[in-house]
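I opened my notebook today to look up a few charged side chains and one hairpin. Come along and check each entry with me.

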Amino acid sequence: SSSENRPTASRPDRSFGHSPHDGRAMRSRAPGVLVLAVASGLAIHTALRPTATVANAPPARHGGGGSAEASAGATWPYVVVAVVLVGLAAVVAGAGRRGGGVRERRRGREGDTSIRKPRQGGREQLFVVSCYTRFDNLAHGPKGEEAKRSLYTYRFDADDGQMVLQSVSTEPVMNPAFSRLHPTRDIMYTCTESVAEPGMIDTWAVDHGTGRLTKLGSVSAGGTSTCYLTIDKNAANMLVVNYWDATVGVFGIDPSTGCLTQARSFYDSNQGRPMRARHDKHVNHSENDPNAQKERQADPHAHAVILDKYLGRIAFVPDLGMDVIRQFLYSPDLGNLQPAGMVKSGPEGRRALGPRYIEFHPDLPFAYVVNELSSEVSVFAFDLEAAKELVERGGGDRPTLHLVQTVRTIPRAYPGDSNTCGRITVHCHGDFVLVSNRGHDSIASFRVERSGENTGHLTMAGIFHTHGATPRHFQFDASGEWLVSANQDSDKVCVFRFDLGTGQLEWTGNDYAVPSPNFVCSVPPRYPY
């Protein structure tokens with residue numbers, strides 16, 4: 001649950017081709033078809049060619065008839081072999097055509113949800129895109145269109161990277177800006193963003209057949225500008241972050257309905273002091289000049305919360321306002337957070353870093369922090385022994401994260417004050433870390449060193465334009481081979497093919513009009529792969 005909506009599909013083959021899967025299947029059959037076809041041709045040629053004449057040979061004793069009978073007797077085995085080989089070639093080639101034909105027929109029945117069931121291997125799934133419906137109560141300043149409806153559900157086809165709109169929610173929900181899928185149930189949670197009104201956490205039932213979202217319940221988030229949701233290891237509690245007033249709450253999850261109960265506890269990073277910035281008078285948080293940085297960092301501003309992947313007991317909260325990662329001891333039984341120290345989110349002596357999100361590597365003991373204001377990723381080694389000691393002692397302040405590297409997400413010559421980072425994610429295979437750049441309008445892809453003295457470190461694989469402005473969020477499909485980018489200020493989402501070997505992104509040309517998209521939630525099929 002520390003990963004932001006990472007799909008839980010099994011790993012596909014890492015060898016990645018740039019053609020659709022039907023094309024791969026046909027290429028795998030091509031050598032066999034070619035051999036059978038050549039052999040068939042040779043057999044037919046041998047069977048039909050005239051019998052060779054030997055110079056000065058004596059005439060046949062029984063006339064021409066005996067020669068014709070011998071020729072026919074020698075020919076018929078070749079004819080039989082030729083017919084068999086031609087039949088085998090047709091069967092092999094036909095198998096490939098039938099596979100493609102089935103997919104084409106499935107696509108032709110797009111509107112018939114009763115027979116369009118999710119396919120094995122996560123080949124088809126849902127994406128839920130949330131939108132901003134009001135701009136006047138946000139800390140930042142979107143430039144697109146205010147959405148009349150807030151949640152769009154698409155069915156995604158991983159054979160060709162295309163999406164079809166399945167449903168649009170008619171529930172009057174304001175500014176849902178973050179989503180979290182329940183780890184075992186067809187339930188999705190969203191939270192609303194506003195610096196003026198208290199945030200709400202809504203619980204939705206997801207219908208895979210129709211894409212319909214049905215609201216099951218709502219609770220107050222207990223703070224403003226709610227921006228992050230994390231579910232603990234046993235799906236017993238949800239940890240919730242309110243950005244504007246820097247609070248982190250723990251809410252129970254009803255095991256029978258999946259809905260949230262009332263808050264069990266709150267931690268206030270500002271210790272009850274009023275914020276210096278006012279909700280009705282503040283700088284535009286989309287800006288990144290020194291004046292905007294000064295106001296944004298005048299107060300604490302918690303931006304996310306995750307749990308360590310090993311014990312599920314150490315919580316980490318990036319504080320954008322204070323340039324630190326706060327560390328807590330989390331008690332699932334008591335439903336509370338106990339402060340346990342903090343570490344700087346980047347190199348010592350630096351300021352205006354602005355830590356936004358943190359993600360753990362799926363296999364290695366490393367965590368990656370995206371610093372929104374400095375357009376950098378900081379790599380931290382995770383100390384499992386220190387974490388165990390913290391849990392065993394029931395507290396303390398020994399740091400469990402140690403900075404080992406910091407890398408830039410935008411080109412060196414591009415001005416940093418023209419960009420702020422958005423999302424960071426570690427690819428499900430663990431080979432790449434990706435970060436979105438708002439302003440430069442790109443996604444940076446970094447390769448993860450998997451062994452040696454630089455294990456966990458990052459090297460640049462490439463920076464790729466998002467074909468839209470302000471990529472606030474992006475999401476992989478269940479296979480990890482496709483990426484969907486929410487380009488907030490261009491009012492569209494775009495689909496990219498991701499090369500599992502090189503970390504390169506290739507735009508498919510598929511984009512879809514969605515007003516002010518801010519988040520993409522992956523909803524894979526709920527059955528074993």
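**Ground rules.** I am reading a predicted model, in which local features need pLDDT of at least 70, side-chain atom pairs count only at pLDDT 80 or more, and totals for chains, interfaces and linings use all residues. Residues are numbered from 1 along each chain as its sequence is written, and side-chain values use heavy atoms, with hydrogens and water left out.

**Entry 1: E372.** Where does E372 lie? I found E372 in the loop between β17 (366-371) and β18 (376-382); strands here are DSSP runs (E, at least two residues), numbered from the N terminus. Is E372 buried or exposed? E372 is buried, because its relative accessibility is 1% (buried means under 20% relative accessible area, exposed over 50%, partly exposed in between, with a 1.4 Å probe and protein chains only). I then looked up its contacts (heavy atoms within 4.5 Å), leaving aside neighbours within four places in sequence; among them are H285, R296, H303, R356 and R438.

**Entry 2: salt bridges.** How many salt bridges does the structure hold? I noted 16 salt bridges, each being a side-chain nitrogen of Lys or Arg within 4 Å of a carboxyl oxygen of Asp or Glu. As a reminder to myself, side chains of opposite charge can pair when their charged atoms come close.

**Entry 3: R438 and E372.** R438 forms one of these bridges with E372, and their closest N and O atoms are 3.3 Å apart. R438 sits in strand β21 (residues 432-438) and E372 in the loop between β17 and β18, so I am looking at a link between distant parts of the chain, 66 residues apart. R438 counts as buried because its relative accessibility is 10%. Salt bridges that share partners join R296, R356, E372 and R438 into one network.

**Entry 4: E376 and R350.** I found a salt bridge between E376 and R350, with the closest N and O atoms 3.0 Å apart. E376 lies in strand β18 and R350 in the loop between β15 (336-344) and β16 (355-360), so the pair ties together parts that are 26 residues apart in sequence. E376 is buried at 11% relative accessibility, whereas R350 is partly exposed at 32%.

Entry 5: Strands β10 (residues 247-253) and β11 (residues 260-268) run antiparallel and are joined by six bridges; two strands pair if DSSP finds at least two bridges between them. V248 stands opposite Y267 in β11. Six residues lie between the strands, and G258 in this hairpin takes a positive phi near 85 degrees.

Note on methods: Helices (H or I, at least four residues) and strands (E, at least two) are DSSP runs, numbered from the N terminus.
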